[in-house]
Amino acid sequence: MQFHHHGYVSGDPRIKPAAGVGINRPEELPEEVDVLIVGSGPAGMLTAAQLAQFPDITTRLVERRGGRLEIGQADGIQARSVETFQAFGFAERITAEAYRITEMAFWRPDTQNPKNIVRGGRAVDDTTGISEFPHLIVNQARVLDYFAEVARNSPTRLVPDYGWDFQTLEVAETGDYPVKVTLVRSAGEDAGTEKIVHAKYVVGADGARSKVRSSIGCTMAGDKANHAWGVMDVLASTDFPDIRLKCAIQSHDGGSILLIPREGGHLFRMYVDLGVVPEDDNGAVRQTGIEQIIAHANQILTPYTLQVRNVAWHSVYEVGHRLTDRFDDVHVEDIGTRTPRVFITGDACHTHSAKAGQGMNVSMQDGFNIGWKLAHVLEGRSPESLLATYSAERQVVAKNLIDFDKTWSTMMAKKPEEFENPSDLEDFYVRTAEFPAGFMTEYAPSMLTGAATHQELATGFPVGKRFKSAMASRVCDTNPMQLGHHATADGRWRIYVFADSAAPGTGSKVAELGTWLETAANSPLAAMPEGLDEDAWFDVKVIYQAKHEDIDINAVPKVFKPLVGPFKLTDYEKVYGVVPGADIFETRGISRNGAIVVVRPDQYVANVLPLDATAELGAFFAGIHTGARV
């Protein structure tokens with residue numbers, strides 16, 4: 001974490017000085033805003049936390065509830081999400097309070113006595129080192145609390161506007177604030193009061209029954225629910241030996257349980273199979289009481305028993321898989337004729353079962369994707385056409401998730417005798433681990449993602465996939481560290497320059513690239529307006545093939561040592577060497593001839609280029625960055 005470059009900081013460095021619209025921020029919801037976010041779920045709160053980093057953008061988040069969420073329904077935090085938490089600055093703190101999944105146990109009927117269950121196998125959660133971050137379980141409400149803290153401590157001092165219920169919206173063809181939003185006060189003494197807010201853009205993060213989705217005419221399509229599950233968060237006494245392990249439990253004739261231990265050492269969640277729902281059920285299964293769910297859980301757990309002492313939360317749901325036809329307000333036939341003004345995220349555009357633990361995780365990535373794009377357009381960095389990439393990118397991700405979840409939830413609902421091999425469920429869990437961990441997302445070539453023409457230069461950084469961090473040694477202080485952990489959710493692009501074998505100094509390819517970046521008219525850095533820090537839009541780092549003690553930092557090109565803050569202090573933390581025994585060039589398949597790896601603000605690799613491909617680098621950014629906000 002860097003601070004003091006604007007002067008001495010004696011307090012919490014996570015609390016940034018108020019700036020721009022954060023100075024004297026009005027408590028009352030204004031009538032005109034740049035971005036109005038509807039809903040304070042995971043997607044909405046992450047979008048707010050991202051936009052809150054931009055001092056000159058007025059962002060407000062409205063929520064129907066009168067205050068913070070106290071009991072969340074989602075709890076699974078995949079490693080990709082923890083990577084994202086790292087970018088927002090709270091990965092270590094939330095990990096400390098969470099339950100960490102390291103193994104999953106698989107239980108099935110005893111072949112000698114089928115009415116009893118026995119442990120059939122165990123699977124390590126991450127056998128291949130998918131990420132340095134863990135797979136966690138933590139209450140959704142706590143995740144929202146952390147994002148709310150980030151937003152509150154940001155330059156804009158963003159806090160949710162609780163007690164406002166979205167009614168409808170209209171999008172005008174012209175005007176500075178073309179989206180007219182009608183809200184109604186849902187809490188407080190003035191409940192029932194109507195308010196009109198005009199926005200440049202609206203983000204609907206208002207759940208599966210989204211009114212924002214309805215307002216823009218999006219339709220949900222998908223499979224009809226035909227299987228029901230009872231879910232309960234409970235405190236209980238039991239002799240089941242794996243009560244503190246994630247378990248898939250299959251019984252002979254009682255159905256299945258997915259057991260998820262919760263944070264805090266005692267609480268756990270059970271998804272209890274309630275069976276196939278008849279076509280004429282008409283929702284009756286949703287009236288299943290907690291006592292029935294507990295009784296059914298005991299039947300499945302035989303010969304073990306479960307004595308529930310306290311129920312924190314319970315519900316009944318039917319598995320359904322639904323996806324909207326688009327994720328914004330531009331109809332398919334109008335694509336290319338106008339840019340979107342309204343976006344939907346999370347459950348508002350994709351719903352599925354909870355078995356794969358993806359709902360909150362994928363929703364947060366929706367928010368990460370749209371948040372920085374809105375900021376770049378509103379600041380004038382990027383053209384409005386950038387916003388069309390949100391629906392194009394995230395709808396494919398949601399479709400892949402639903403396809404995966406159909407397979408996983410179907411397997412969870414199977415009877416043991418329906419499997420060809422007893423270990424099929426365990427084998428599928430291990431074989432597909434990268435997908436539920438959040439790392440199979442791969443964005444197709446677009447204005448934001450280049451073609452993988454030079455992929456052989458950095459095989460460990462596939463274009464379109466998330467930047468997988470690796471160890472490097474920071475030269476200025478000799479600290480070995482994860483290179484990706486220095487990338488915060490600040491809206492900047494990352495340009496990682498992996499040097500050839502030449503030492504720092506004139507005459508090398510890195511020196512020539514450094515000069516071009518600093519001086520060329522077609523350099524992406526040339527688009528930055530005067531008055532900003534030299535690294536305000538681009539975080540440019542260099543990684544040499546030598547050890548830190550063999551690198552002369554004074555010989556490193558100036559572009560890798562930018563001047564920052566009002567005192568124009570040199571930032572020395574952008575120059576790296578290799579860590580002996582963990583050479584990043586080897587671990588990530590980087591050519592010894594060097595490479596440029598370009599990474600988007602949401603941590604996805606956008607391009608891989610040779611060190612001398614300045615024309616290609618300039619052309620890539622020419623369509624993305626247009627200049628300063630006017």
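Analyst: In this predicted model, Phe240 touches Trp107, Ile117, Cys247, Ile249, Leu259, Leu301 and Tyr304, leaving aside residues up to four places away in sequence. Phe240 itself lies in the loop between β13 and β14, and with a relative accessible area of 2% it is buried, since buried means under 20%. The C-alpha atoms of Phe240 and Pro303 are separated by 8.7 Å, although the two residues are 63 residues apart along the chain.

Pro303 deserves a word of its own, as the peptide bond that leads from Thr302 to Pro303 is cis, with omega near 20°. In general, most peptide bonds are trans.

Helix α6 covers residues 290-301, and its 12 residues should span 16 Å at 1.5 Å a residue, which agrees with the 16 Å found between its end C-alpha atoms. The buried residues of α6 are Ile290, Ile293, Ile294, Ala297, Ile300 and Leu301, and Leu301 is also one of the residues that Phe240 touches. Seen down the axis of α6, the buried residues fall within an arc of 120°, so they line one face of the helix. An α-helix has 3.6 residues a turn, so residues three or four places apart point the same way. Glu291 and Gln292, by contrast, are exposed on the other side of α6. The cover over the buried residues of α6 includes the strands β6 (117-124), β13 (227-238), β14 (246-250), β15 (256-261), β16 (268-276) and β17 (306-318). Among these are β13 and β14, and the loop between those two strands is where Phe240 lies.

Leu513 is found in helix α10 (residues 509-519), and at 2% relative accessibility Leu513 counts as buried. The C-alpha atoms of Leu513 and Ser256 are separated by 59 Å, and these residues are 257 residues apart along the chain. Not counting residues up to four places away in sequence, Leu513 touches Val497, Ile596, Leu611 and Thr614.

The strands around this second residue can be described in turn. Strand β23 (residues 493-498) and strand β28 (residues 595-599) run antiparallel and are joined by five bridges, and the bridge partner of Phe498 in β28 is Ala595. Both strands belong to an open sheet of seven strands with mixed pairing, in the order β22-β21-β27-β24-β23-β28-β29. At the edges of this sheet stand β22 (480-482) and β29 (605-609), each with a single partner strand, so one side of each is left without a neighbour in the sheet. From one strand to the next, the twist averages 30°.

Helix α12 (residues 614-622) has the buried residues Leu617, Gly618, Phe620 and Phe621. Down the axis of α12, these buried residues fall within an arc of 160°, so they line one face of the helix. The face turned away from that buried side carries the exposed residues Ala615, Ala619 and Ala622. What covers the buried residues of α12 includes β23, α10, β24 (538-543), β28 and β29, and α10 is the helix in which Leu513 is found.

The loop between β28 and β29 holds Gln603, which has a positive phi of about 80° although it is not a glycine. In general, most residues other than glycine have a negative phi. At 13% relative accessibility, Gln603 counts as buried. Gln603 is also among the residues touched by Thr84, together with Leu46, Gln365 and Phe368, when residues up to four places away in sequence are not counted. Thr84 is found in helix α2 (residues 79-88), and at 1% relative accessibility Thr84 counts as buried.

Key
Residues are numbered from 1 along each chain as its sequence is written. This is a predicted model: local features need pLDDT of at least 70, side-chain atom pairs count only at pLDDT 80 or more; totals for chains, interfaces and linings use all residues. Side-chain values use heavy atoms; hydrogens and water are left out. Two strands pair if DSSP finds at least two bridges between them. Helices (H or I, at least four residues) and strands (E, at least two) are DSSP runs, numbered from the N terminus. Axes are lines fitted to C-alpha atoms, for helices over the stretch in contact, and angles run from 0 to 180 degrees between N-to-C directions. The expected span of a helix is 1.5 Å times one less than its number of residues. Buried means under 20% relative accessible area, exposed over 50%, partly exposed in between (1.4 Å probe, protein chains only). The arc is that of the directions from the helix axis to the C-beta atoms. Contact means heavy atoms within 4.5 Å.
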